[in-house]
Amino acid sequence: MADIERLSTWVKYRNGLCSDCMASCCAMPVEVKLPDLVRMGLVDEFELEEPIKGIAKRLEKQRIIQHFNFKHGKFTLTQRTNGDCLFLDQETRLCTIYDKRPNTCRRHPEVGPRPGYCAYTSKAHVLRRMK
Ligand code: SF4
């Protein structure tokens, strides 16, 4: 089983791998940009005329983001206490905003901590361990 913290344990990505994965990639910090937030419906087009810091402040207060990097204009989405992304369904382990998901998620694992590799964790394996 891959350990999300240890890149050497990640497996080479291949088609179909996601279908029985615990969505371990959705437990990594996700950095997004303003256009992502607009597509996700979290920032209104009209708000784009406001200073970006004000937008970040609002999103932080609403606990949608947990960090804002002003220099790079990147927002980090909030993670739940178990590390999961706020938008990951806790039962199905599927993204609740899949069609509107951020670019970072679309490009994974092509772009990421270890390009071409992912922290694949089989659902069946996790369920067996829980018994
Ligand atoms: S936005 Fe969706 S695909 Fe991206 S990390 Fe969150 S749950 Fe996963």
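# Reading the predicted model by its definitions

The chain has four helices and five strands. This is a predicted model: local features need pLDDT of at least 70, side-chain atom pairs count only at pLDDT 80 or more, and totals for chains, interfaces and linings use all residues. Residues are numbered from 1 along each chain as its sequence is written.

Q: What class does Arg93 get by its count of C-beta atoms?
A: Arg93 has 17 other C-beta atoms within 10 Å, so Arg93 is partly exposed. Its loop runs between β4 and α3. Of the 131 residues of the chain, 20% count as buried.

Q: What makes the phi values of Arg63 and Arg93 worth a look?
A: Most residues other than glycine have a negative phi, and most peptide bonds are trans. Phi of Arg63 is near 60 degrees, a positive value. Arg93 has a positive phi of about 60 degrees and is not a glycine either.

Q: How do you know whether the peptide bond from His108 to Pro109 is cis or trans?
A: Omega is near 5 degrees, and the bond is cis. Pro109 lies in the loop between α3 (103-107) and β5 (117-118).

Q: How do you know that β2 and β4 pair?
A: Two strands pair if DSSP finds at least two bridges between them. β2 and β4 (residues 74-77) have two bridges, in the antiparallel sense. In one of the links, Val32 has Phe75 of β4 as its bridge partner.

Q: Why are β2 and β3 called edge strands?
A: Three strands form an open antiparallel sheet in the order β2-β4-β3. β2 (31-32) and β3 (65-69) each pair on one side only.

Q: What does helix α2 touch, and at what angle to β3?
A: Two residues are in contact if their C-beta atoms, placed from the backbone, lie within 7 Å. Helix α2 (residues 52-61) packs on the sheet, touching β3 and β4. Its direction makes about 160 degrees with that of β3. Axes are lines fitted to C-alpha atoms, for helices over the stretch in contact, and angles run from 0 to 180 degrees between N-to-C directions.

Q: What makes a residue part of the shell around the ligand, and which residues are there?
A: A residue is near a molecule if its C-beta atom, placed from the backbone, lies within 6 Å of it. The residues around the ligand are Cys26, Val30, Cys85, Phe87, Leu88, Cys95, Ile97, Arg101, Pro102 and Cys105.

Q: How is that shell divided by class?
A: Ala, Val, Leu, Ile, Met, Phe, Trp, Tyr, Cys and Pro count as nonpolar, Asp, Glu, Lys and Arg as charged, and the others, Gly among them, as polar. The shell has nine nonpolar, no polar and one charged residues.

Key:
Buried ≥ 20, exposed ≤ 12 C-beta atoms within 10 Å, placed from the backbone.
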